[in-house]
Amino acid sequence: PRTARLHLHQQPCPHSRIGGDLALEPKVPAAHRKTVGDQVSVIGLSGFGKDGPVARLFLAVWPPAAVLERLTALPRPDQPGVRWVPPENLHLTLRFLGDADPDAVDAHLAGAHLPAAEVTLGPVVSRLGRNVVVVPAAGLDELAHAVREATASIGRPPDPRPFAGHLTLARLKHRAACGVAGTPFHATFSVTGVALVESLPTGHGVGYTTLGRYVVGRVPGTP
């Protein structure tokens with residue numbers, strides 16, 4: 001089941017997530033709300049496709065506040081060609097959906113069994129390909145598989161490649177060097193929920209809006 005925690009600003013507050021949950025509950029215009037029981041869906045935020053409202057979506061895990069604090073303490077040298085991910089946007093993607101209907105995602109995930117997960121970040125900051133700087137993440141494979149199976153018919157087809165858990169720190173252009181790869185990092189945390197996130201353009205890049213959250217570790221049909 002999904003808890004009703006919604007952020008409708010385009011530049012998320014870095015203090016809005018506590019222990020993987022969402023702390024702020026701004027008012028949502030009635031035109032954008034659909035309530036079913038204790039679940040809330042947000043619709044009509046980005047536009048409409050032929051089958052309903054469309055938004056640019058992905059499913060992710062937000063790191064808890066204590067881990068986020070340690071991640072933001074890693075060096076972030078100002079180097080040409082290096083674009084650092086803002087601290088408030090740091091996340092672990094489980095599945096990228098692309099343009100999709102948030103209600104369709106909700107319908108598939110609300111009754112899905114999402115297994116509990118223990119995440120281990122590290123042991124060092126690494127490169128993913130030539131252009132992405134990441135912290136590797138272990139422990140999300142089963143959860144990512146469950147999310148993929150539950151949403152396989154929504155949005156972009158699932159990536160056929162094996163899941164490789166990671167948290168992106170920076171993106172590089174023109175073979176830039178950030179000087180952080182190889183830096184030791186280790187952290188562990190328990191996943192408490194999967195977030196449905198909309199990606200929104202801002203004047204400063206991209207902002208993320210959390211549309212809903214799905215609790216992990218519960219068997220469908222249980223309270």
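Modeller: Helices (H or I, at least four residues) and strands (E, at least two) are DSSP runs, numbered from the N terminus. The model is predicted, so local features need pLDDT of at least 70 and side-chain atom pairs 80 or more, while totals for chains, interfaces and linings use all residues. Residues are numbered from 1 along each chain as its sequence is written, and side-chain values use heavy atoms, without hydrogens and water.

The lining of the largest pocket draws at least two residues from each of β8 (55-61), β10 (92-100), α3 (141-150) and β14 (166-172). A pocket here is an open set of points on a 1 Å grid over the protein atoms alone, where a 1.4 Å probe fits, with protein on both sides within 12 Å along at least five of seven lines; lining residues have an atom within 4 Å of a point. The largest pocket holds about 1,000 Å³ of space, filled by probe spheres set on the points. The lining comprises 14 nonpolar, 8 charged and 7 polar residues.

The strand is β11, residues 118-121. Val119 and Leu121 make up its covered face, and Glu118 and Thr120 the uncovered one. In a regular strand, side chains alternate between the two faces of the sheet. Strands pair if DSSP finds at least two bridges between them. β11 runs antiparallel to β15 (residues 187-190) over 4 bridges and to β13 (residues 132-138) over 2. Thr120 has a bridge partner in each: Thr188 in β15 and Ala138 in β13.

Note on methods: Buried < 20%, exposed > 50% of the residue type's maximum accessible area, 1.4 Å probe, protein only. Nonpolar A, V, L, I, M, F, W, Y, C, P; charged D, E, K, R; others polar.
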